Amino acid sequence: MTHPLDEQGLLRALDPHGMMALTLDFPAQCERAMRLALEWSLPPLPREPRLVVISGMGGSGIGGDYLRVLFEAEGSLPALVVRDYHLPRCVDEHTLLFAVSYSGNTEETLACYHQARERKAIIVALSSGGELQALAQRDGVPHLQVPGGQPPRTALGYLFLPMLVLCERWNLLPDMEQARTRTLQRLVQGRDRWGIHSPYEQNPAKQLAQALHRRIPILYGSGGYRAIIATRWKGQINENAKQHAFANTFPELNHNEILGWVGATQQANNFSVVVLRDPDESRQTRTRVEVTRNLVGNAAEWHEVWAEGASLLERLLILTYLGDFVSLYLAYLNRVDPYTIDYIDLLKAELKKVASNEL
């Protein structure tokens, strides 16, 4: 009997806006994003930065988190991500600020752009157009334009990799050309392994989605970059599958959330834990995961997903890519259109009314 996730006609009917096609295109998107940044006329930095800040929300914020992870592992500058209307006090003329908004109209990012201008920070804007591009052109701020026309959550390649390449070109990060090439190859392999044409019996993404169907995913990163990817998985499940999911990370969860499992069976009987792991975890982390699994016991199903790849960049993006497929297959099983974001659209409409009333 054919598994529902292998019924091509049904899946196309549930995905009228082509979210799966955009996801299958992700390896090619990453390649295009790298090429854009490599071919961009690189402006010289007017002074040596002492801090890197990425202002962005949603997919732009996650892209900033990925860049921060690479700075922590490979760079010599501190990096932080701002998901708010206000920049921290430490941002000044020695700060390199990436203002990132896929649409170019994200109000939090635009607010941070104006503050960065007031503080004379070194600004690079990245968007597909919108008000951010117009402001950058007016102010003489470097702006890298990426292709638009798709949901931001499907544009992570455009929202992350250009910043990485630019930082390489400015010698703020080491040359990662080899890692980038191998990452592209591995993403293609992941696409073929997890994509819609790979049958259920051979497709780990479809199998995990089926295991999570009608359950509440509890996503645990085993520390480090896996914490960021757990947050990404959560957001993709929220937006694509229209269901709750929750994220946390080791070792922090062992200092608080672990006690929530004491009474978990009295709260719900459909939790599923997914632990995002790394082959090079420390012995302490492995022990924490093992003990936590024993303590969770029968209160939840338990799944473990391991990052693959020789470099940090490979492991970041391949584990992220798997989560994108899982969230889409969950959407299909939930019989919802993964494209629509009605509640977010409603919120934006209400915020526009507030802005209009303040004029």
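There are 21 salt bridges in this structure, and the model is a predicted one. Let's work through a few of them, then look at a helix pair.

**Exercise 1.** Work out where Asp 65 and Arg 68 sit relative to one another, and whether they are buried or exposed.

*Solution.* 
- Start with the bridge itself: Asp 65 pairs with Arg 68, and the closest N and O atoms are 3.7 Å apart.
- Next, the spacing. The two residues are three apart in helix 4, so about one helical turn separates them. That helix covers residues 59-74.
- Now burial. The cut-off for buried is under 20% relative accessible area, and Arg 68 has 18%, so Arg 68 is buried. Asp 65 is buried as well.
- Finally, look at what else Arg 68 touches. Its side chain makes a polar contact with the side chain of Glu 72 at 2.8 Å. Beyond neighbours within four places in sequence, Arg 68 is in contact with Ala 79, Leu 80, Val 81 and Ile 228.

**Exercise 2.** Find which parts of the chain are linked by the salt bridge between Glu 239 and Arg 153, and classify each residue by accessibility.

*Solution.* 
- The closest N and O atoms of Glu 239 and Arg 153 are 3.3 Å apart.
- Glu 239 belongs to helix 10 (residues 225-241), while Arg 153 is in the loop between strand 5 (143-145) and helix 7; the pair links distant parts of the chain, 86 residues apart.
- Glu 239 has 25% relative accessibility, so call Glu 239 partly exposed. Arg 153 has 6%, so Arg 153 is buried.

**Exercise 3.** Describe how helix 7 packs against helix 13.

*Solution.* 
- Take the geometry: helix 7 (residues 156-169) and helix 13 (residues 312-333) pack at about 170°, with axes 13 Å apart.
- Roughly antiparallel starts over 145 degrees, so helix 7 is roughly antiparallel to helix 13.
- Helix 7 brings Leu 156, Phe 160, Leu 161 and Leu 164 to the contact, and helix 13 brings Leu 313, Leu 317 and Thr 320.
- Sort those contact residues and you get six nonpolar, one polar and no charged.

Note on methods:
Residues are numbered from 1 along each chain as its sequence is written. This is a predicted model: local features need pLDDT of at least 70, side-chain atom pairs count only at pLDDT 80 or more; totals for chains, interfaces and linings use all residues. Side-chain values use heavy atoms; hydrogens and water are left out. Axes are lines fitted to C-alpha atoms, for helices over the stretch in contact, and angles run from 0 to 180 degrees between N-to-C directions. Helices (H or I, at least four residues) and strands (E, at least two) are DSSP runs, numbered from the N terminus. Angles under 35 degrees count as roughly parallel, over 145 as roughly antiparallel, 65 to 115 as roughly perpendicular and the rest as oblique. Contact means heavy atoms within 4.5 Å. Ala, Val, Leu, Ile, Met, Phe, Trp, Tyr, Cys and Pro count as nonpolar, Asp, Glu, Lys and Arg as charged, and the others, Gly among them, as polar. Buried means under 20% relative accessible area, exposed over 50%, partly exposed in between (1.4 Å probe, protein chains only). A polar contact is a pair of N or O atoms within 3.5 Å; within protein, one must be able to donate a hydrogen and the other to accept it, and residues adjacent in sequence count only if both atoms are side-chain atoms. A salt bridge is a side-chain nitrogen of Lys or Arg within 4 Å of a carboxyl oxygen of Asp or Glu.
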